[in-house]
Structure formats: C-alpha cells, structure tokens
Amino acid sequence: MSFIATLRYALLGAVLIPLAASADSALPVQPIAKSGNCPSGYSTSGAYCKPGAKARAALEKRGSCPSGYSTSGAYCLAGTQARPAVPKIGAGCPSGWSSSGDYCLRNR
C-alpha cells in the first residue's frame with residue numbers, strides 16, 4: 001500500500017471512530033448542582049455532584065421524572081433508552097420536543 005493510501009485509511013479511521021463512538025454513546029454526563037445528597041454514581045465536589053466513571057446523565061427533579069428516567073433522591077437518572085430532557089418552561093415545549101410531566105423530551 002502506498003504512503004498516500006495508508007495516510008488516507010489512517011485519517012478515515014480517525015474520523016470514523018469518534019463518529020461511531022458518539023452515535024452509540026448515552027446522554028452527556030456532566031457535573032450538576034448539588035441539592036441534598038448526590039444521585040447514584042455521583043460524588044460531592046464543592047457545590048456540585050461530580051459524575052463517576054459509570055454515572056448516568058442526571059437532571060434536578062421537578063415533580064415526577066420524565067419518561068425514561070428514574071428517581072434518585074432529588075434527581076432523575078437517565079435510563080438506557082432515555083431521550084434528552086429539559087425542564088418545561090410554561091405550558092409548552094419547543095418545536096421538535098414533546099411533553100413528559102414537568103419536562104420536555106427531544107423527539108426521536
């Protein structure tokens with residue numbers, strides 16, 4: 001294989017692997033504001049709950065958790081089939097999102 005062909009395959013692999021990983025990855029897991037005890041999989045870090053290696057995405061709980069999420073103290077933890085969710089503001093959800101209790105879920 002020529003140098004150019006090898007480089008092309010190397011670059012193609014570098015592009016495809018991250019794209020494949022992001023397509024299969026779950027919802028983004030990031031620190032969240034601490035409200036009482038941290039949810040399962042998170043630990044206290046100052047005023048935040050910091051996700052551990054196997055933590056699932058979490059939302060601050062408002063009323064009941066949206067479809068696809070389960071309660072963990074004052075938080076809602078994403079299940080394996082959970083869609084991105086945001087707290088509902090007012091009566092409706094933005095275009096492309098549907099209502100689930102006090103939250104809006106992104107449509108598939």
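This is a short tour of the structure, stop by stop, with something to select at each one.

**Stop 1: the whole chain**

Start with everything shown as a cartoon. Keep in mind that the model is predicted. The chain has 108 residues, and buried residues make up 24% of them. Colour by secondary structure. You will find 1 helix and 9 strands. Which order do they take? From the N terminus on, the elements run α-β-β-β-β-β-β-β-β-β.

The chain exposes about 7,200 Å². Carbon and sulfur atoms supply 58% of that area. Contacts are worth a look too. Among those in the chain with a separation of 6 or more, 30% come from residues 24 or more positions apart.

**Stop 2: the sheet of strands 1, 2 and 3**

Select strand 1 (32-33), strand 2 (42-45) and strand 3 (residues 48-51). Which order do they stand in?

Look at how strand 1 meets strand 3. The two run antiparallel and are joined by 2 bridges. Pick A33. Its bridge partner in strand 3 is Y48.

Pick Y42. Its bridge partner in strand 3 is P51. Then follow the chain around the hairpin of strand 2 and strand 3, which has 2 residues between the strands. Select G46 in this hairpin: G46 takes a positive phi near 65 degrees.

With the sheet still on screen, turn on side chains. In a regular strand the side chains alternate between the two faces of the sheet.

**Stop 3: the disulfide of C38 and C49**

The link of C38 and C49 is left-handed, with -90 degrees about the S-S bond. C38 sits in the loop between strand 1 and strand 2, while C49 is in strand 3. The pair links distant parts of the chain, 11 residues apart.

Buried or exposed? C38 counts as buried because its relative accessibility is 19%, and the cut-off for buried is under 20%. C49 is buried as well, with a relative accessible area of 0%.

**Stop 4: the sheet of strands 4, 5 and 6**

Go along the chain to strand 4 (58-60), strand 5 (69-72) and strand 6 (residues 75-78). These 3 strands form an open sheet in the order 4-6-5, with antiparallel pairing. Strand 4 and strand 5 stand at the edges, each with a single partner strand, so one side of each has no neighbour in the sheet. Neighbouring strands of this sheet are turned by 30 degrees against each other on average, direction ignored.

Zoom in on strand 5 and strand 6. They run antiparallel, and 4 bridges join them. Select S72, then look across to strand 6: S72 stands opposite Y75.

**Stop 5: the disulfide of C65 and C76**

Select C65 and C76. A disulfide joins them, S to S 2.2 Å. The torsion about the S-S bond is about -90 degrees, so this disulfide is left-handed. C65 lies in the loop between strand 4 and strand 5, and C76 lies in strand 6, so the pair ties together parts that are 11 residues apart in sequence. C65 counts as buried at 17% relative accessibility. C76 is buried too, with a relative accessible area of 0%.

**Stop 6: the disulfide of C93 and C104**

Move on to C93 and C104. Their sulfur atoms are 2.1 Å apart and form a disulfide. The link of C93 and C104 is left-handed, with -90 degrees about the S-S bond. C93 lies in the loop between strand 7 (85-87) and strand 8 (97-100). C104 lies in strand 9 (residues 103-106). The pair therefore ties together parts that are 11 residues apart in sequence.

How does accessibility compare here? At 26%, C93 counts as partly exposed. C104 counts as buried, at 2%.

**Last stop: the disulfides together**

Counting bonded cysteines along the chain, the pattern is 1-2, 3-4, 5-6.

Terms used:
Residues are numbered from 1 along each chain as its sequence is written. This is a predicted model: local features need pLDDT of at least 70, side-chain atom pairs count only at pLDDT 80 or more; totals for chains, interfaces and linings use all residues. Side-chain values use heavy atoms; hydrogens and water are left out. A disulfide is a pair of cysteine sulfur atoms within 2.5 Å. Buried means under 20% relative accessible area, exposed over 50%, partly exposed in between (1.4 Å probe, protein chains only). Two strands pair if DSSP finds at least two bridges between them. Axes are lines fitted to C-alpha atoms, for helices over the stretch in contact, and angles run from 0 to 180 degrees between N-to-C directions. Contact means heavy atoms within 4.5 Å. Accessible areas come from the Shrake-Rupley method with a 1.4 Å probe; for residues, only the protein chains shown count as cover.
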